[in-house]
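Welcome, and thanks for taking a look.

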Amino acid sequence: IVLDDGEGKMQLLSSSKNGVITHNLSEDNGQSLGKITATSLPNQSSEIDGGTLKDGRQMLLNNTNGKT
């Protein structure tokens, strides 16, 4: 999932096989990405989804129990 603040900063969120969601940051409209970093958000290797709402807030959908 790529979350874009509309001002050149982007965050890439990915599910991992290590039980957490990881993220990379970009401050140049995605031309380059920073180091992959684990978040504190749990993930049971299921898909994640997200996006930006009309009012600019961003959301992440994450199935933490591993059941689909």
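The notes below start with the whole chain and then visit a few strands, loops and residues.

This is a predicted model. The chain has 68 residues, with six strands and zero helices. Four of the strands form an open sheet, and β5 and β6 form a hairpin.

**The chain as a whole**

- The C-alpha trace spans about 35 × 30 × 15 Å along its principal axes.
- Buried residues account for 22% of the 68 residues.
- The chain's accessible surface is about 5,000 Å², and carbon and sulfur atoms contribute 48% of that surface.
- Take the contacts in the chain with a separation of 6 or more: 21% of these are between residues 24 or more positions apart.

**The four-stranded sheet**

- The strands of the open sheet are ordered β1-β2-β3-β4, and their pairing is antiparallel.
- The edges are held by β1 (2-4) and β4 (37-42); each has a single partner strand, so one side of each has no neighbour in the sheet.
- From one strand to the next, the twist averages 30°.
- Strand β2 (residues 10-15) runs antiparallel to β3, and six bridges join them.

**His-23, a buried residue in β3**

- His-23 belongs to strand β3, which covers residues 20-26.
- Is His-23 buried or exposed? With a relative accessible area of 17%, His-23 counts as buried because the cut-off is under 20%.
- The side chain of His-23 makes a polar contact of 3.2 Å with the side chain of Gln-11.
- Setting aside neighbours within four places in sequence, the contacts of His-23 include Gln-11, Leu-12 and Leu-13, along with Lys-35, Ile-36, Thr-37 and Thr-39.

**Ser-26, also in β3**

- Ser-26 lies in strand β3 too, and its relative accessible area of 2% makes it buried.

**The loop between β3 and β4**

- Asn-29 sits in this loop, between β3 and β4, and is exposed at 53% relative accessibility.
- Most residues other than glycine have a negative phi.
- Asn-29 is not a glycine, yet its phi is positive, at about 60°.
- Ile-36 is found in the loop between β3 and β4 as well.
- At 54% relative accessibility, Ile-36 is counted as exposed because the cut-off is over 50%.
- Beyond residues up to four places away in sequence, Ile-36 touches Thr-22, His-23 and Asn-24.
- How many residues apart in sequence are Ile-36 and Ser-14? They are 22 residues apart in sequence, and their C-alpha atoms are 9.5 Å apart in space.

- Strand β5 (residues 48-52) and strand β6 (residues 58-62) run antiparallel and are joined by five bridges.
- Ile-48 is a handy place to begin, as it stands opposite Asn-62 in β6.
- Five residues lie between the two strands of the hairpin, where Gly-56 takes a positive phi near 95°.

**The salt bridge**

- Side chains of opposite charge can pair when their charged atoms come close.
- How many salt bridges does a search of the whole structure find? The search finds one.
- This salt bridge joins the side chains of Asp-55 and Arg-57, with an N to O distance of 2.8 Å.
- Asp-55 and Arg-57 are both exposed.

Key:
Residues are numbered from 1 along each chain as its sequence is written. This is a predicted model: local features need pLDDT of at least 70, side-chain atom pairs count only at pLDDT 80 or more; totals for chains, interfaces and linings use all residues. Side-chain values use heavy atoms; hydrogens and water are left out. Buried means under 20% relative accessible area, exposed over 50%, partly exposed in between (1.4 Å probe, protein chains only). A polar contact is a pair of N or O atoms within 3.5 Å; within protein, one must be able to donate a hydrogen and the other to accept it, and residues adjacent in sequence count only if both atoms are side-chain atoms. Contact means heavy atoms within 4.5 Å. Two strands pair if DSSP finds at least two bridges between them. Axes are lines fitted to C-alpha atoms, for helices over the stretch in contact, and angles run from 0 to 180 degrees between N-to-C directions. Accessible areas come from the Shrake-Rupley method with a 1.4 Å probe; for residues, only the protein chains shown count as cover. A salt bridge is a side-chain nitrogen of Lys or Arg within 4 Å of a carboxyl oxygen of Asp or Glu.
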